[in-house]
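These are my notebook entries on a structure I looked through chain by chain. I wrote down what I looked up and the cut-offs behind each term.

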Amino acid sequence: MLRFVAVRLVQSLVALAIISVVVFVLARATGDPLHLILPMSASKEDFDNARRYLGLDRPYVEQYLSFVSRAVTGDFGTSLRARRPVGELIRERLPNSLKLAAFAMGVSLAMAFPLGIMAAVRKGTGIDRAAQIVSVLGQSLPTFWVAIILVEFVAGRWQWLPAGGISGFSSYILPGFTLGWFVVAGLMRLLRSGMLEVLDSEYVKLARVKGVSERRVIWMHALRNALIPVVTFAGIYFAILVTTAIVVETVFAWPGLGRLAYEGISSRDFPVIQAVVLTTAAIVAVVNLCVDCLYAIIDPRIRYAR
Amino acid sequence: MPAEPAALPLPEIDGAAVAAPRGWRLPLFPIGAIAIFLIVAIVAPFLGLPDPHEQSLRSRFKPPVWEEGGTWAHALGTDRLGRDLLSRIVWGSRISLAAGVLTVLLASAFGAAVGLTAGYYGGRVDAVLMRITDATMSFPVILLALILAVTAGPSFTNVVVAIAVILWARYARVIRGQVLTLMQLDFVAQARIAGAGAWRIITRHLLPNTLGTLLVLVTLQIGYVIIVEASLSFLGAGIPPPTPAWGSMIAEGRDFVTSAWWVSLFPGMAILIVVLAFNLLGDWLRDTFDPKLRQL
């Protein structure tokens, strides 16, 4: 087990290293950042001075190494727009994003579990079909459109909930629901097919023959085993959640990483963009690592695969 | 050796669970919707619709025909600049469908090539390719597209490239997994004994066996790509105006939801119908041809 975790940890670090190179190259390949920092009237001399001051005259490898060694300690330079350390901005916004993601996950689980279980238990009935429609609908509706409609009606016309920003629990509901509903489909489908498979298995039949109550069969026997494929899906699920969050945060003016990135991009604030991309990639990598370890605990065969 | 008693009942009790082919009920709604949108997108110039770019300040915010003040000249109403919404939605379908199909084709071709190579060669090749795949998968699609839009300018090509550059990783992952299983089977060993080279084994033996999976994944991903493209256009990083794209049309109508709800409602409906159709078709393909692919 320890060996498995160690190997996966090294793999995650390699993936992060690749991303840091890509981010570094993207930032350099897109034109001289000095054009963004210095005023239009700057002379050639000003450019040279600034270049030397920022260390941009050094070889690329050296620049990359110093970029990485500072990034590891959470130092991502200074935001060109906010004129504040980027690390500080990230530390300010990251908790908001994590809280929204956690809430959205809660929403999607709260929808996927009842829908998936009901669909499996009542396979082929109207309930099954309705559950599938609810979940596939969420996946097919563009989040920003749902957001606009919710803001217009629930927040605007009926004034039930706040339209945006962060202000207590009620402000989580609209963005959390918008984000959560989008990712229900994958979860629900996995639960449904997992449950169907288990409900059809020999040991569930045996349990039924032995006289175990149907409720116990569903909750104790079927659900626990149907959860295994759901765990493996968590990595992909989380990556989609993070990507979609950028759009949702922007529409709901949510002060999180996604909105920070959007603001950073519209003002060409490269230190901020680098930091956001690396932070999100690191979070996704950590989540994937945890998922794989969890999976190895649940299903020991994985540890010996390969 | 005791003979099997002939009187034993055949295991028919399980028949229902084992066989019971669900029959070939074609999913009519998805196929019909996709066909209609495809045909409309292709023949858009010949439909006799008003020019989607033509502005007319005198007919701004005309409501759809069934509302008071609506006319058949603008069946779905007009937007802030008096442009015909129906025509813009029809022309927008070209953008969305082209972006969806092109992106997915690019991503699946590249991803399948990587997956086949990694699975076939294994060892170091596999390790290197899979680390790159991992890295790609943890890169948020929308962020990359936003970066590209800012640095290289928003354009159709940049949107397609930005999404494809990330999306291939899913194909690589799934196809590699399948190839690893296929490599254990006898026919690959037999092909090798018969003297087939790597190229031949990959293209003639491995690839055909992964086509089903590819088809399912491609169908399911088109819907996702259309949503991502619309999101980018909505954020102003996709197809630049005045080209009609569904995402940017919704963005333009955003400030007038109260007074002119139709401006952002109809493009949203268009996205919903197309994406729903692709998702349902993908689900159906998977359930019918490859029920094992639950995770796609």
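I began with the contacts within chain B, where two residues are in contact if their C-beta atoms, placed from the backbone, lie within 7 Å. Of the contacts in chain B with a separation of 6 or more, 70% are accounted for by residues 24 or more positions apart. I note that this is a predicted model, in which local features need pLDDT of at least 70 and side-chain atom pairs count only at pLDDT 80 or more, while totals for chains, interfaces and linings use all residues. Residues are numbered from 1 along each chain as its sequence is written, and chains are lettered from A and ligands numbered from 1 in the order in which they are written.

Chain B has ten helices and zero strands. I also checked burial, for which a residue is buried if 20 or more other C-beta atoms lie within 10 Å of its own, exposed if 12 or fewer, and partly exposed in between, with C-beta atoms placed from the backbone. By that count, 45% of the 296 residues of chain B are buried.

I then picked B:Val228, which lies in helix H8 of chain B. Is B:Val228 buried or exposed? It is buried, because 28 other C-beta atoms lie within 10 Å. Leaving aside neighbours within four places in sequence, I found B:Val228 in contact with B:Val141, B:Ile142 and B:Ile163. B:Ile163 is 65 residues apart from B:Val228 along the chain, and their C-alpha atoms are separated by 8.1 Å.

Staying with H8(B), I looked up its packing on H10(B), using axes that are lines fitted to C-alpha atoms, for helices over the stretch in contact, with angles from 0 to 180 degrees between N-to-C directions. The axes of H8(B) and H10(B) are 9 Å apart, at an angle of about 165°. The two helices are therefore roughly antiparallel to each other, given that angles under 35 degrees count as roughly parallel, over 145 as roughly antiparallel, 65 to 115 as roughly perpendicular and the rest as oblique. Among the residues that make this contact are B:Gly212 and B:Leu215 of H8(B) and B:Ile271 and B:Phe289 of H10(B). I sorted the contact residues into 14 nonpolar, five polar and one charged, where Ala, Val, Leu, Ile, Met, Phe, Trp, Tyr, Cys and Pro count as nonpolar, Asp, Glu, Lys and Arg as charged, and the others, Gly among them, as polar.

In chain A I looked up helix H7 (residues 143-157) and helix H11 (residues 214-251), whose axes come within 9 Å and cross at roughly 25°. H7(A) and H11(A) are therefore roughly parallel to each other. In H7(A), A:Thr143, A:Phe144, A:Ala147 and A:Ile148 meet A:Thr244, A:Val247, A:Val248 and A:Val251 in H11(A). That contact has six nonpolar residues, two polar and no charged.

Last, I looked at how the chains meet, and recorded 37 residues from chain B and 40 residues from chain A in the contact. On the side of chain B that touches chain A, H10(B) gives the most, with nine residues. The residues of that side are 23 nonpolar, nine polar and five charged.

How values were computed:
Helix = DSSP H or I, 4+ residues; strand = E, 2+ residues; numbered from the N terminus.
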